[in-house]
Amino acid sequence: MIVTSAVRHAAAGSAAVLFVLPVPAATASPVTSARTVASAATVASAAAFREPTPPVRQYVDPARLNRKGTQVQPLPGAPGVPEVSALSWVVADASSGEVLAARNAHRKLPPASTLKALFALTALPYQEPSAQHTVADSELTGIGDGSSLVGVKEGYTYKVSDLWNGVFLSSGNDAVHVLAAMNGGWESMSRRMQEKARSIGAMDTHVVSPDGYDAPGQVSSAYDLAVFGRTGLQDPAFTKYCSTAYADFPAGSWSYGIANTNRLLTGADGVARYPGLIGIKNGYTSNAGNTLISAARRGDRTLVVSVMNPQGGGGLAVYEEARDLLDWGFAAAGRVQPVGSLLPVRTKAAGSAARAVSVTREGPDGRDGRAAGAAPRAGSEPAAAAAGGDARVAAPSGASAGLPLALVGSACAAALALWALRRRAARRAG
């Protein structure tokens, strides 16, 4: 009975000590588990929302598009490139950005109103289509002589969407001037357009007049125009405006109809409509000649074509030459190797491999995915945090893990000592 009592005292003492004292090993496990699960969830979330890995692209000589003349790499069975008179042109796949063929792609030429595509890329995101604006007289000053106009009047109130219809359908320089005034002014817009062009890889363009009106030093290239078109197709608002054939334009208490001046879209002036045409923007000035950015969809493939200054065939030749290039591009799909790419050139980081791993793919606008708020890739920051900070919590030190055992031993020793004293006292009493 005495032994049983002693054991009971020892067990009770140990239990009491364990109950009142914190146990690091027991508390560390739930915290570690929660953090590990949270880190794993972060990694899984990043993986779930990360862009799918694009197919491996074929090697493309980045300098090839700088060469003069027609550039194409046909495979067996590829159709011949059509003979066109344009000084410069590009045919590219709008999805992958691969250039299927080109002629003098980087030749710098006046862009005329195709520059309005860059204007739209720059200004479209900053006003809601339903917002209304009353035009001031100062916003209509400085419009070049002979400019194309949609009929914007001072003192009239227009929805932003009406003004954009005026830009895309009627190529209205008056609408461009008003929208530029709403976005910081003419000079500010020129600078922002220049910055936008650089950000998406359009290095040939120099902006002087945002509406595309002839100005000293204002140039672009067939390559850059194709970049503008491809980038615009990734914006639903841009695509909606550039593919609209007809619209009503307000004029106070009444409105009048306007038609898109892109004949491939409307079929006007004897130019047959192109099946599957999306838009994008045409232009003309006496210095630039006729220019055009077109895009068309056939099946699961979308092509973008840019044509600058045809030298023969009259004023409508730009449409027929674009038609021939679109037809060739659809027929040649899968039968040519790319000769270039519309994607921005990614410069190699001059640093360690770890720095290169942290680079993310660019977004639809060409910016770094991290700067645009994209989730970090699995295997970068979240994984490092899980393997670093949380790993230390998950492995308590030997001293902290051994402390409860030492306390239990001390309690047992104290209980046995008490039992021995009581036993000795019982013997003396007997």
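Biologist: How many helices and strands does the secondary structure of the protein come to?
Modeller: Bearing in mind that this is a predicted model, the secondary structure comes to 14 helices and 13 strands.

Biologist: And what share of the residues is buried?
Modeller: Of the 430 residues in the protein, 43% are buried, and the accessible surface comes to about 21500 Å², with 58% of that belonging to carbon and sulfur atoms.

Biologist: OK, on to α6: how many residues does it have, and what does it reach from end to end?
Modeller: Helix α6 covers residues 186-199, which is 14 residues, and its first and last C-alpha atoms are 20 Å apart, close to the 20 Å expected at 1.5 Å a residue.

Biologist: Which of its residues are buried, and what do they pack against?
Modeller: The buried residues of α6 are Ser 188, Met 189, Ser 190, Met 193, Gln 194, Lys 196 and Ala 197, and they pack against α3 (116-123), α5 (173-182) and α7 (222-233). Just after α6, Gly 201 takes a positive phi of about 90 degrees.

Biologist: Switching to strands, why is β9 described as largely enclosed?
Modeller: Strand β9 (residues 277-285) has eight of its nine residues buried, so the rest of the structure largely encloses it.

Biologist: Which strand does β9 pair with, and in what sense?
Modeller: β9 pairs with strand β10 (residues 289-298) in the antiparallel sense over eight bridges, and the two form a hairpin with three residues between them. Within that pairing, Lys 281 has Ile 293 of β10 as its bridge partner.

Note on methods
Residues numbered from 1 in each chain as written. Predicted model: local features only at pLDDT ≥ 70, side-chain atom pairs only at ≥ 80, totals over all residues. Heavy atoms only, no water. Helix = DSSP H or I, 4+ residues; strand = E, 2+ residues; numbered from the N terminus. Expected span 1.5 Å × (residues − 1). Buried < 20%, exposed > 50% of the residue type's maximum accessible area, 1.4 Å probe, protein only. Contact = heavy atoms within 4.5 Å. Areas by Shrake-Rupley, 256 points an atom, 1.4 Å probe, with all protein chains shown as cover. Pairing = 2+ DSSP bridges.
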